[in-house]
Amino acid sequence: MNYQILKNIIDTELQRFQNISEEEWNHKSTPEKWSKKEIIGHLCDSALTNIRRFVVTQYKENENIVYDQNFWVKAQNYQNVPTTDLIDLWKSLNYQIVHVVENIPDEALQRTCDTTKTTPQVFTLEFIINDYVDHLQHHLKAV
């Protein structure tokens, strides 16, 4: 993976976030849908979970590392966290991911991790890293 791609995404989005009003950050189209703040919170949870995957998979094969995204967003009550705090957390976690990923030895990229809640399904570390970036970009389209 080109680590610069992720760094560019972070930097570009931080610029874009400055143009989003507090009202837009807090708006929920329906009570069940996530606000932009909750989406950023979810992306923080994803970053936390994936940092663990990126580190643990380097030394422990097929570790099961999952999270329940809806429970995490609700339990952390992101809707009521100050927006600037959420953005700072998102920024810090993603810069940490850049740091971790650029330090993964090439030989570790084919090690595997189980990311599923039910029937075990393993993915290579390389796939999980690329999937993280795809997932990030998918959710940022809604912010």
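**Figure 1. Asparagine N77 is partly exposed in this predicted model.** The relative accessible area of N77 is 39%. N77 belongs to the loop that runs between α4 (69-76) and α5 (83-102). Its backbone has a positive phi of about 50°, although N77 is not a glycine. Most residues other than glycine have a negative phi.

**Figure 2. N62 has a positive phi in the loop between α3 and β1.** The phi angle of N62 is near 60°, and N62 is a residue other than glycine. The loop that contains N62 lies between α3 (36-56) and β1 (63-64). With a relative accessible area of 37%, N62 is partly exposed.

**Figure 3. Helices α1 and α6 cross at roughly 15°.** Helix α1 comprises residues 3-17 and helix α6 comprises residues 125-140. The axes of α1 and α6 come within 11 Å. Because angles under 35 degrees count as roughly parallel, α1 is described as roughly parallel to α6. The crossing of α1 and α6 is left-handed.

**Figure 4. Residues of α1 meet residues of α6.** On the α1 side, the contact involves L6, I9, E13, R16 and F17. The partners in α6 are Y132, V133, L136, Q137 and L140. Grouped by class, the contact of α1 with α6 has 7 nonpolar, 1 polar and 2 charged residues.

Notes: Residues are numbered from 1 along each chain as its sequence is written. This is a predicted model: local features need pLDDT of at least 70, side-chain atom pairs count only at pLDDT 80 or more; totals for chains, interfaces and linings use all residues. Side-chain values use heavy atoms; hydrogens and water are left out. Helices (H or I, at least four residues) and strands (E, at least two) are DSSP runs, numbered from the N terminus. Buried means under 20% relative accessible area, exposed over 50%, partly exposed in between (1.4 Å probe, protein chains only). Axes are lines fitted to C-alpha atoms, for helices over the stretch in contact, and angles run from 0 to 180 degrees between N-to-C directions. Angles under 35 degrees count as roughly parallel, over 145 as roughly antiparallel, 65 to 115 as roughly perpendicular and the rest as oblique. A crossing is left-handed if the near helix is turned anticlockwise from the far one by less than a right angle, and right-handed if clockwise. Contact means heavy atoms within 4.5 Å. Ala, Val, Leu, Ile, Met, Phe, Trp, Tyr, Cys and Pro count as nonpolar, Asp, Glu, Lys and Arg as charged, and the others, Gly among them, as polar.
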